[in-house]
Amino acid sequence: EVASAAYSANYGTATEVDNAAYSSQEFWDVVEGAITGFADDPELGRFRGFVDNLRTETPGEIITLPNGQEILKQYFFPGLEEEDGVDRSPFPSMPEWERALEDLAATARSELVSVLMERPLDDDLSAPPADDDDVIGGVWNKAAWFGWQFLSLRDAKEWMPHTIRALRAVPTAHRFVGIARQRGECIGSLHSDQRNYLLSTLTGLRVPRDAPCGVVCPSSDASPLMPQERKMADKKAIVLDNTFPHYVYNDSPMDRFVLMAECWHPALTAKERDALATTFAAKDRFTLINLKQCPWGFSDEELMRAILTKDHFDLAFWRDLDHGL
């Protein structure tokens, strides 16, 4: 219960900042100017429906689909719930993504050594902070639940450049792309990430062998065919539809590290992916320049470097993980 409360508190604080952008006409004027066909391209009809949801739906309201997916109404991308040839299950089969991630795993494992030397872990045993003010701007973000930490690859460019370049082989999105640590003998909170335009991938970099580590989607009234589970292992990639409620666990006394990369849902078109990437890049830039807040996933150090070089004015800095490499 404590973990769930902390997760909700972190989400709530970030939502306030995001909605300050979504409620600003100035912000949407910037987005419209940056996306060709924003107002009238027939191929962006679903995207315009998504924008309407961002602007009009009440933050925090959740819809549950008949198959058990939980999605925030504000972040609902219309049309993706229809039959489109993409498996709607907690662990959809994505062979090309899995191969690409497993091919880069050895490189990421090697570069992780440098990251852990240069960006030491915070082993504070206290519970997660109650609001994002204590975690945003740090290097290893402590949020979601006790025992979970996340380092954005944007803050590890100096030590993981080959991993970042190799990730061009998968359609990485705007949110979680980095290293996720789970402390030993720890179970995460049950949650859904609630955004139907994303899938998550977890690639083992340093997974203990003495006891199992995995991700579980338990059964529910809406999804009686579950539970489903996938075990983690070094150099093994797992694709997770994280709109299904799930939790991760580590039964070993040793820490577990995975490369966590959220990717655009394969049912999105190239134009829709580009429009989404531009929208969220503009939102992060607006958050820094207009709202004077630090966007999630960017440390103070990375933002100060961008400000000194004036990269923060360039949407490409916010859009592209490999910007500057």
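1. Basis. The model is predicted: local features need pLDDT of at least 70, side-chain atom pairs count only at pLDDT 80 or more, and totals for chains, interfaces and linings use all residues. Residues are numbered from 1 along each chain as its sequence is written, and side-chain values use heavy atoms, with hydrogens and water left out.

2. The sheet. Strands are DSSP runs of E, at least two residues; helices are runs of H or I, at least four; both are numbered from the N terminus. Two strands pair if DSSP finds at least two bridges between them.

3. Contact means heavy atoms within 4.5 Å. Axes are lines fitted to C-alpha atoms, for helices over the stretch in contact; angles run from 0 to 180 degrees between N-to-C directions.

4. Strand β7. In β7 (residues 198-206), eight of nine residues are buried. Buried means under 20% relative accessible area, exposed over 50%, partly exposed in between (1.4 Å probe, protein chains only). Eight bridges join β7 to β12, antiparallel; there S200 has E262 as its bridge partner. Four bridges join β7 to β10 (residues 237-240), also antiparallel. In that pair, T201 stands opposite V239.

5. H265. This residue lies in the loop between β12 (256-264) and α6. H265 counts as buried because its relative accessibility is 2%. Leaving out residues up to four places away in sequence, H265 touches L80, V86, R88, N196, Y197, L198 and L199.

6. Helices α3 and α6. The axes of α3 (residues 45-56) and α6 (residues 270-289) come within 9 Å and cross at roughly 30°. The two helices are therefore roughly parallel (under 35 degrees; over 145 is roughly antiparallel, 65 to 115 roughly perpendicular, the rest oblique). R46, F47 and F50 of α3 meet E272, A275, L276, T279 and F280 of α6.
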